[in-house]
Amino acid sequence: MGCRAGRNRLNEVGRGRLTSNQCGYWRNGLGSARPVFGASVSRGRPGRRAVALTFDDGPSPATLDILKILAEHKAPATFFQCGQNVLRAPELSQAVAAGLHEIGNHSHTHPNFALESADRIFTEFQRAQDAIARATLKTPVLLRAPYGVRWFGFRQMQQRLNLTGVMWTVIGRDWKLSANAITDRVLANTQDGAIICLHDGRGITENPDRRATVEAVRRIVPALLEKGYHLETVSQLTAARR
Ligand SMILES: [Zn+2]
């Protein structure tokens, strides 16, 4: 799930000012966060007509609907999965891993890590890392913090688990908006190098209603391709940044 400050942050980042927000971390106009909470990226290399679609909080049954749409367009995406969801439905993670896609770590149980201990932070990401690796035989190299909230302990955890943090350039607010509104919002704010944040789950809910997201993805993917964007995984999009 996204952070309430997403829209404000997007506007501030767009103006290129060093700024903070209520999620409690710092970033600058280049899209790189200060390393106090560990290395992170929020957009790709400039000057390329490429973007990355990302999906958080899966896997869930809706993941299969999204995979089907992506396959129709031969479009890769990045899925930030919760370990507990992976343990419940490893076959869904395997379906993602079997495609062109990348899987990142979104913690085990999707807590808000503000004020949490370094041990708790490490354990949460280590458990998700193990669950994803066991299900897919691939070890993630990316993480996204639940709610976008990073905290003391992230830098150490990222170093130990060899994970780079990924935020976003555009957030669809698809946990509350209609398919129309999600589509309009994403298409209006997407530029070269954008990392677009959507959701194929809802925290660790077993079978969340993601119909608005699925319908939005059905419109967004062909629209982006028509605008000339290449769709890439986050690792592909950010290769020169990390
Ligand atoms: Zn989330």
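A: Two strands are said to pair if DSSP finds at least two bridges between them. The strands themselves, like the helices, are DSSP runs numbered from the N terminus, a strand being a run of E with at least two residues and a helix a run of H or I with at least four. What is described here is a predicted model, in which local features need pLDDT of at least 70 and side-chain atom pairs count only at pLDDT 80 or more, while totals for chains, interfaces and linings use all residues. Residues are numbered from 1 along each chain as its sequence is written.

As background, the protein chain contains nine helices and eleven strands. Of its 242 residues, 50% count as buried, a residue being buried if 20 or more other C-beta atoms lie within 10 Å of its own, exposed if 12 or fewer do, and partly exposed in between, with C-beta atoms placed from the backbone. Two residues are in contact if their C-beta atoms, placed from the backbone in the same way, lie within 7 Å. Among the contacts in the protein chain with a separation of 6 or more, 76% are between residues 24 or more positions apart.

The strand to start from is S4 (50-58), which is mostly covered, with eight of its nine residues buried. S4 runs parallel to strand S10 (residues 195-199), and five bridges join the two; along this pairing, Ala52 has Ile195 as its bridge partner, and Asp56 stands opposite His199. Asp56 also has a bridge partner in S5, namely Phe80, and S4 and S5 (residues 78-81) are joined by four bridges, again in the parallel sense. With strand S11 (residues 230-231), S4 pairs in parallel over two bridges, and here Val51 stands opposite Leu231.

The path from S4 to S5 includes a helix: S4, H2 and S5 make a right-handed β-α-β unit. Right-handed is meant in the sense that, with the strands pointing away from the viewer, the path from the first strand over the helix to the second runs clockwise. In the loop between S4 and H2 (61-72) sits Pro59, and the peptide bond that leads from Gly58 to Pro59 is cis, with omega near 0 degrees.

S10, the partner of S4 over five bridges, is itself mostly covered, as five of its five residues are buried.

An α-helix has 3.6 residues a turn, so residues three or four places apart point the same way.

After H6 comes Asn162, with a positive phi near 55 degrees. Asn162 is one of the residues in contact with Val141, alongside Leu163, Thr164 and Ser235, when neighbours within four places in sequence are left aside. Val141 lies in the loop between H5 and S7, and it counts as partly exposed because it has 16 C-beta neighbours inside 10 Å. From Val141 to Thr164 the distance is 6.3 Å, C-alpha to C-alpha, although the two are 23 residues apart in sequence.
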